[in-house]
Amino acid sequence: MKIVILDGAVENPGDLSFAPLEELGEVTVYDRTSLVETPLVAQRIEDADVVITNKTPIGRMTIDACPGIRLICVLATGYDVVDYKYAHEKGIPVVNVPAYGTEIVAQYAVALLLEICSHVAHHDAEVKKGRWKNSTDWCFWDYPMIELAGKTAGIIGLGRIGQATARILSAMGMRVIANARHETPEGRKVAEYVDKDTLYRESDVIFLHCPLFPETEKMINRETIAKMKDGVIIINDSRGALIDEQALAEALNSGKVYAAGLDVVSTEPVQDDNPLLHAKNTIITPHIAWAAKEARQRILDITADNIRAFSEGKPVNVVNGPF
């Protein structure tokens, strides 16, 4: 079996081993291929049985050019980089890694919130510039210090990551409310389910932990922001397109939204014309909530399991099935 990894560098910059995959066949690893579909993509996988991608697109053009492909693996939970519907027409299963980063993504979401509330990195940098040494007072701070205990956190999307976030917030003394497409017994253990308008109205902090679907695209917009508390904080390490970025930038600059902590934007890498780059009280990090070594190891291990199950005729984690 010939296995080709199109963009392995981000998944494994050198601190992991591809050995779990090498046990299954002949593995060729390209550090990077392209963030857009080009003829080079097809050229690199033209004789592959199994293709592994993270963010390199595999669309109709590539699938048609590579009739030998038997399986497409995505090194992530999201699989929109693959034309999975067309792959199904061609009899090619597309598999993903559905639950590898639950705890780290929840941890990162709370880290964004804590940085907004305490500005640890900023004050560390100011101390090292000499401001504390030269201060006329015995301490200083440049931003309000915000205590979270007793405040209300609203989580939109209460799946695995949303529930993990809820547990952390509850341990910090916050009231946790949530809105989700489906209520579950597990969700009720960690949060109070409410409708969206109630969540917007009552939350001091809003976390986005929902998938990107047509109905959730730009769900944070001028209309929904108007329903929120003055001074609300918004945290998003899910998908950038959940937010109307111009509307959020305007709300940040006006003070309606106090701050935003974002690990994702609508176009990645971020572009110079993104209005959030220059909005007040905005933290933007480069889509790294998932990137702990432990989580990346799970991605490799689960991907190997996906390939093994497929080779045994029992494919798992298929997003375009059944097969």
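Mentor: This is a predicted model. Start with helix 6 (residues 120–128), which holds both Asp 124 and Lys 128, four residues apart, or about one turn of the helix.

Trainee: Why is the contact between Asp 124 and Lys 128 called a salt bridge?

Mentor: The N to O distance between their side chains is 3.0 Å. The cut-off is within 4 Å, for a Lys or Arg nitrogen and an Asp or Glu carboxyl oxygen. The pair therefore counts as a salt bridge.

Trainee: What makes Lys 128 exposed or buried?

Mentor: Its relative accessibility is 66%. Exposed means over 50%, so Lys 128 counts as exposed. Asp 124 has 36%; that value lies between the limits of 20% and 50%, so Asp 124 is partly exposed.

Trainee: How do you know that Arg 222 and Glu 250 form a salt bridge?

Mentor: Their side chains meet at 2.9 Å, N to O, and the rule asks for within 4 Å. Arg 222 lies in helix 10 (residues 222–226) and Glu 250 in helix 11 (residues 245–254), so the pair ties together parts 28 residues apart in sequence.

Trainee: What makes Asp 230 and Lys 256 a salt bridge?

Mentor: Their closest N and O atoms are 2.8 Å apart, which meets the cut-off of within 4 Å.

Trainee: How many salt bridges does the rule give?

Mentor: The count is 17.

How values were computed
Residues numbered from 1 in each chain as written. Predicted model: local features only at pLDDT ≥ 70, side-chain atom pairs only at ≥ 80, totals over all residues. Heavy atoms only, no water. Helix = DSSP H or I, 4+ residues; strand = E, 2+ residues; numbered from the N terminus. Buried < 20%, exposed > 50% of the residue type's maximum accessible area, 1.4 Å probe, protein only.
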